[in-house]
Amino acid sequence: MLNELEKIKKEFLDSVEAIKDSKALEELRIKFLGRKSALTSVLRSLGKLVQEERILVGQKANTLRKEIEERLEQIKNSLYKKGASKISTDYTLPGFPLSLGREHPITKTIQEIIDIFSPLGFQVATGPEIETDYYNFEALNFPPDHPARDEQDSFQIDGGKYLLRTQTSPVQIRVMEKTKPPIRIIAPGACYRRDNPDASHSPMFHQVEGLAVDTDIHFTDLKGVLSEFIHQMFGKEIRMRFVPSFFPFTEPSAEVAISCIICGGKGCPTCGKSGWLEVLGAGMVHPNVFKYVNYDPKKYTGFAFGMGVERIAMLKYGIHDIRLFYQNNLQFLNQF
Ligand code: PHE
């Protein structure tokens with residue numbers, strides 16, 4: 001019996017070298033491990049042997065069986081690897097098309113705004129989106145219970161310790177705290193208010209703030225700068241008007257409107273038949289604000305303005321629903 005096992009082993013080792021494909025491998029497996037194989041019949045006949053012989057032959061036969069199995073597995077793996085490396089790369093196939101990314105229309109509009117104000121001497125400043133009540137309201141001359149706070153329903157964090165800024169105006173305070181006049185900055189960035197989304201509201205939106213402070217700044221400077229901006233942004237033919245308004249941190253304050261870019265001022269659904277579209281808030285910096293940042297209000301004057309980027313983009317590109325900006329619909333985004 002032991003001789004028989006030796007013979008099987010030798011025969012296996014002789015034939016295994018010749019294996020070139022998986023069909024031959026399978027044939028070999030059947031021949032050496034199959035039901036009718038010599039090894040199987042040795043294992044079957046173990047019962048007929050006396051005990052000592054049975055243990056000895058049994059061990060040897062099982063070891064051989066294992067060896068054969070392992071070797072066949074090895075060959076199988078190496079055949080697989082060879083086969084895989086045979087699947088060669090066809091370098092003539094066209095590549096996967098990668099579509100080119102582009103700037104989001106809001107980013108693009110912010111950049112256009114920066115490009116208009118930069119040559120006028122305005123530098124870009126930024127501030128945190130998570131603010132304290134002090135920077136978002138108090139230092140901007142919103143007293144604690146002032147009703148003007150209600151217009152800017154805010155997202156409170158940590159029980160009111162912080163809030164998501166409702167406007168970019170806190171950047172005014174942060175810049176003035178750190179710098180002495182003259183100051184000319186614009187501050188683009190995201191703002192948040194608890195508004196339910198609809199065609200013209202979004203709980204997250206963008207503003208660009210502007211601030212100029214110096215010893216000799218007048219309302220006419222504000223008008224000059226803003227008219228330059230509006231003409232460059234919307235076209236030379238566009239007219240501009242200032243309507244008295246209220247902001248706690250500017251005095252006097254104004255809402256700035258432009259003649260309707262759709263109807264030219266005749267009155268249409270876009271401008272609510274008024275012929276005018278409000279585009280930004282502005283005014284002369286309130287002396288109280290200067291006090292918060294230790295500027296002498298007798299020495300310095302300044303103007304500030306703030307505009308909604310979405311609103312500017314919607315008017316400029318004729319977009320009717322603010323929600324389109326945030327839906328990541330490529331059909332919409334690819335137009336810009
Ligand atoms: N921060 C004001 C708003 O969000 C806009 C504004 C900025 C008005 C600067 C005047 C001066 O409504």
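Helices and strands here are DSSP runs, numbered from the N terminus. Keep that in mind as you tour this predicted model, one close-up at a time.

**View 1. Asn141 sits in a loop and has a positive phi.** Let's start with the loop between α6 (133-136) and β3 (156-157), where Asn141 is found. Its phi is about 70°, a positive value, although Asn141 is not a glycine. Is Asn141 buried or exposed? With buried meaning under 20% relative accessible area, Asn141 counts as buried because its relative accessibility is 15%.

**View 2. Asn294 also has a positive phi.** Here you meet another residue other than glycine, with phi near 60°. Look for Asn294 in the loop between α9 (287-292) and β10 (301-308). Exposed means over 50%, so Asn294, at 66% relative accessibility, counts as exposed.

**View 3. A cis peptide bond joins Pro181 and Pro182.** Omega for this bond is about 5°. To find the spot, follow the chain from α7 (170-178) towards β5 (183-192): Pro182 is in the loop between them.

**View 4. A cis peptide bond also joins Glu251 and Pro252.** This time omega is about -5°. Pro252 belongs to strand β8, which covers residues 250-259.

**View 5. The largest nonpolar core holds 46 residues.** Which of its residues touch the most other members? They are Phe117, Phe229, Phe303, Phe305 and Met307. Several elements give two or more residues to this core, including α5 (105-117), β6 (204-214), β9 (276-285) and α10 (309-317). Helix α8 provides the largest share, with 7 residues. As a general point, nonpolar side chains in soluble globular proteins tend to be buried together.

**View 6. Phe305 and its contacts come into focus.** Setting aside residues up to four places away in sequence, Phe305 touches Phe117, Ile186 and Val208, and the list continues with Glu209, Gly210, Leu222, Leu226, Gly281 and Ala282.

**View 7. Gln172 is a buried residue in helix α7.** Its relative accessibility is 0%, which means that Gln172 counts as buried. Which residues is Gln172 in contact with, leaving aside its neighbours within four places in sequence? You can look for Leu140, Glu209, Leu211, Phe249 and Ala304.

**View 8. Helices α1 and α2 pack against each other.** Helix α1 spans residues 2-16, and helix α2 spans residues 22-33. Their axes lie 11 Å apart and form an angle of about 175°. Angles over 145 degrees count as roughly antiparallel, and therefore α1 and α2 are roughly antiparallel to each other. From α1, the contact uses Ile8, Glu11, Phe12, Ser15 and Val16, while α2 brings Leu28, Lys31 and Phe32. By type, the residues of this contact are 5 nonpolar, 1 polar and 2 charged.

**View 9. The protein chain is assigned two parts, domain 1 and domain 2.** According to the domain assignment, domain 1 covers residues 2-85 and domain 2 covers residues 105-333. How many Å separate their centres, taken over C-alpha atoms? The separation is 84 Å.

Terms used:
Residues numbered from 1 in each chain as written. Predicted model: local features only at pLDDT ≥ 70, side-chain atom pairs only at ≥ 80, totals over all residues. Heavy atoms only, no water. Helix = DSSP H or I, 4+ residues; strand = E, 2+ residues; numbered from the N terminus. Buried < 20%, exposed > 50% of the residue type's maximum accessible area, 1.4 Å probe, protein only. Core = buried A, V, L, I, M, F, W, Y, C linked by side-chain atoms within 4.5 Å. Contact = heavy atoms within 4.5 Å. Axes fitted to C-alpha atoms, helices over the stretch in contact; angles between N-to-C directions. Parallel < 35°, antiparallel > 145°, perpendicular 65-115°, else oblique. Nonpolar A, V, L, I, M, F, W, Y, C, P; charged D, E, K, R; others polar. Domains from an automatic or database assignment.
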